[in-house]
Structures are given as C-alpha cells and as structure tokens.
Amino acid sequence: MKIFKVIRSAEWWAHKLPPLLAIGYATVLMSAVPLYRVSLWLVFLLASLVVGAIYVSVINDITDLEEDLASGKPNRIQQIPEKLRWTIPVACIFFGTIFGYFLYPDLLSCLLYLLSWIVFSLYSIRPVRLKNRGILGVFADGCGSHLFPSLLMVSSVSYITHQEMNWVWFASVGVWAFCYGLRGILWHQFADRVNDIKVNLNTYASKIEPQDFKKQSMLLITLELIALSILLTQLALLAPYIALLLYLVLLYLRYTAYKNQIVLIIKPNSGPFQILMADYYQMFFPISLLVFASITDNLNFIALIVHMLLFPYLIWLAIYDYARIIGIKILQLTRK
C-alpha cells in the first residue's frame with residue numbers, strides 16, 4: 001500500500017522493532033510477573049515506538065527531499081502533496097504526546113521517550129540538522145533509533161512490573177543497543193555514500209574511505225559482543241544461548257550454500273551478504289525468550305503466536321533456508 005511506502009515501514013518494522021521487544025520480554029522474565037500479564041503494556045510500548053518511527057521516517061524524507069532530487073535518488077514523500085506533507089509528523093507528535101501522558105508518572109521512561117523524539121528532530125531538521133554534521137549525526141541516529149528506545153523498554157517494563165532497577169542490566173542493554181545502532185546507521189551511510197558525496201552532504205561516511213574503517217568496525221562489534229555477553233549473563237537463561245547456536249549454524253549454512261559474505265558494517269560492492277548478529281537480534285533472540293516463557297507458562301504462548309504473526313518474514317526465511325540447504329546437503333551425500 002502507498003502509505004506503507006511513504007512511512008518506509010519496510011525499513012524498520014521487522015528490523016528495528018523485534019530487538020526492542022526482545023529487551024522488553026527479557027526484562028519481564030527477570031521479574032516475578034508472568035509475561036502474559038505485561039503483554040498489553042508491551043503492545044502499548046510497541047505502538048508508541050511505531051508512532052516515533054513513522055515521525056522519523058517522514059521528517060527525514062521531507063528534510064532530505066532537496067538533496068535527494070539533486071542526487072537523483074527517489075524520495076517517497078514526493079507521493080504526498082506538498083501542503084499535506086507536514087500533517088503526518090504533526091499527527092505523530094500529537095499521538096506521541098498521548099503516549100507520553102500514559103507513561104507518567106514513570107519519569108525516567110518519559111524522559112527516554114522524549115529524548116528519542118528530540119534527538120531525531122535535531123538529526124533531520126534545519127538549522128541544527130545533525131545528519132549533516134559528521135560523527136554527531138551518527139551518534140544522534142544511534143541514540144534515537146536504538147539506545148533510548150531500548151532503555152525505555154528496560155525502564156518502563158521495570159516500572160510496570162515493580163522491579164527495582166537493575167543498573168547493570170540497564171547499562172549493558174545501553175552499550176549493546178548503542179553499538180548496534182551505530183553499526184546500523186553507518187551501514188546506511190556507507191550504502192548512501194556515493195549519493196551523499198554528489199550533493200556534498202557532510203555525513204561521517206562521506207568523509208572517510210570504506211577501507212579505512214576496519215579498525216572502527218572491529219571496535220564496535222567487540223564492544224557490542226562484550227555488552228551482549230553481560231546482558232545474557234544477567235538474564236541467566238539457556239534459551240538465548242541455544243538460539244545463538246542455531247543462528248551461528250544458519251550463518252554458516254548461508255555462507256557455504258549462498259556464498260553470503262559476513263559483514264560488520266560495510267556491504268560488499270557485489271554479491272549477497274549478511275550483517276553479523278542482525279538475524280539473531282531480530283528473530284532468534286526474541287523468539288527464544290518467548291518459547292522459554294511459553295514452556296514455563298502456557299498462557300505466554302499467545303504472546304509467541306502474536307509476535308510470529310507480527311514479524312513472520314525472518315522466521316519463515318530462516319525455516320526455508322534451513323530446510324533447503326540441509327536438504328541439498330543430504331541429497332549430495334546420498335548421491336555419493
């Protein structure tokens with residue numbers, strides 16, 4: 001549908017929301033409250049993040065329009081009449097204010113939710129427009145798309161389940177989310193590097209050669225994996241480790257069967273590729289938590305089904321790849 005193209009839902013629905021929900025699921029599982037009792041609140045938080053994501057997508061296209069036209073890059077906001085373009089972000093601000101009202105009196109969650117809106121407004125809108133200010137734009141996107149929403153999940157779920165804030169959990173989630181967020185925006189900037197150079201856009205990636213970014217890539221993934229290990233240690237569940245093993249198997253199968261290159265940030269000039277850990281965060285991690293929750297309490301099975309219905313693509317793609325690649329390998333062995 002046209003509206004989904006305008007709000008660019010394909011770019012964030014299945015990729016950015018499941019990792020955030022996983023942090024919400026994990027924070028619930030660290031409490032004494034059953035997951036199903038918090039499900040409606042998680043839906044509320046999901047809806048609040050969706051409104052924010054729509055706002056980000058639309059204002060980014062509006063403020064990028066002039067540069068996109070100059071570089072020959074398509075911009076979806078052109079499909080909306082000029083007089084109506086700002087109605088979408090204004091409506092998002094209205095609904096975001098309502099979500100903020102219902103977060104009160106949880107002041108930490110209110111602050112984290114507000115910071116996401118502020119930082120993305122500063123990222124896109126002139127005269128500040130951090131997107132055009134090198135490394136500041138990278139930090140702003142990493143904070144707005146991953147850091148603040150992930151910490152919002154921790155703070156809000158902790159508040160609603162009456163947990164005392166686990167600051168080690170809070171910090172490890174923050175470092176993990178920030179590093180993963182930086183990898184995400186840098187992937188996007190390096191993918192758009194040629195177009196950004198055409199219009200002299202001062203993104204961080206436009207001012208650095210891709211081959212000179214290897215050390216920074218290694219530093220980011222190292223910090224991210226250290227934070228993830230602390231996160232999983234704090235969670236103290238077997239299910240995410242089993243899911244990690246299954247993910248690594250799939251990573252290997254895709255590499256051997258499809259020749260998918262494994263990248264940290266910068267995608268190759270040609271050929272298929274897979275971003276390290278992305279499928280784990282987006283599918284394996286949240287599903288493993290929901291499966292564990294369903295085993296411990298059958299009522300949580302509803303949450304598992306709802307999650308799978310909301311985010312089916314990566315699940316079915318993984319199942320398809322497992323079946324196809326393993327089937328091919330079995331067939332090759334029998335022929336020998």
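Helix H5 covers residues 107–124, which is 18 residues. Helices here are DSSP runs of H or I, at least four residues, numbered from the N terminus.

A word on the source. This is a predicted model, with local features needing pLDDT of at least 70, side-chain atom pairs pLDDT 80 or more, and totals for chains, interfaces and linings using all residues. Numbering runs from 1 along each chain as its sequence is written, and side-chain values use heavy atoms, without hydrogens and water.

Back to H5. Its buried residues include Trp-117, Phe-120 and Tyr-123. Buried means under 20% relative accessible area, exposed over 50%, partly exposed in between, with a 1.4 Å probe and protein chains only.

Now the surface. Val-168, Val-175, Leu-219, Leu-223, Ile-226 and Ile-230 make a nonpolar patch of about 490 Å². Patch residues have over 30% relative accessible area and no salt bridge, with nonpolar side chains joined within 5 Å. A salt bridge puts a Lys or Arg side-chain nitrogen within 4 Å of an Asp or Glu carboxyl oxygen. Areas are Shrake-Rupley, 1.4 Å probe. Which helix gives the largest share of the patch? H9, with four residues. Leu-223 lies in H9. Leu-223 counts as partly exposed because its relative accessibility is 37%.

Last, the second largest pocket: about 460 Å³. Its lining has 17 residues, with Pro-210, Gln-211, Ile-266, Lys-267 and Pro-268 nearest the centre. A pocket is an open set of points on a 1 Å grid where a 1.4 Å probe fits, with protein on both sides within 12 Å along at least five of seven lines; lining residues have an atom within 4 Å of a point.

Technical notes: Patch = residues over 30% accessible without salt bridge, like charges linked within 9 Å, V, L, I, M, F, W, Y side chains within 5 Å. Helix = DSSP H or I, 4+ residues; strand = E, 2+ residues; numbered from the N terminus. Expected span 1.5 Å × (residues − 1). Points joined across faces, edges and corners; volume = space filled by probe spheres on them.
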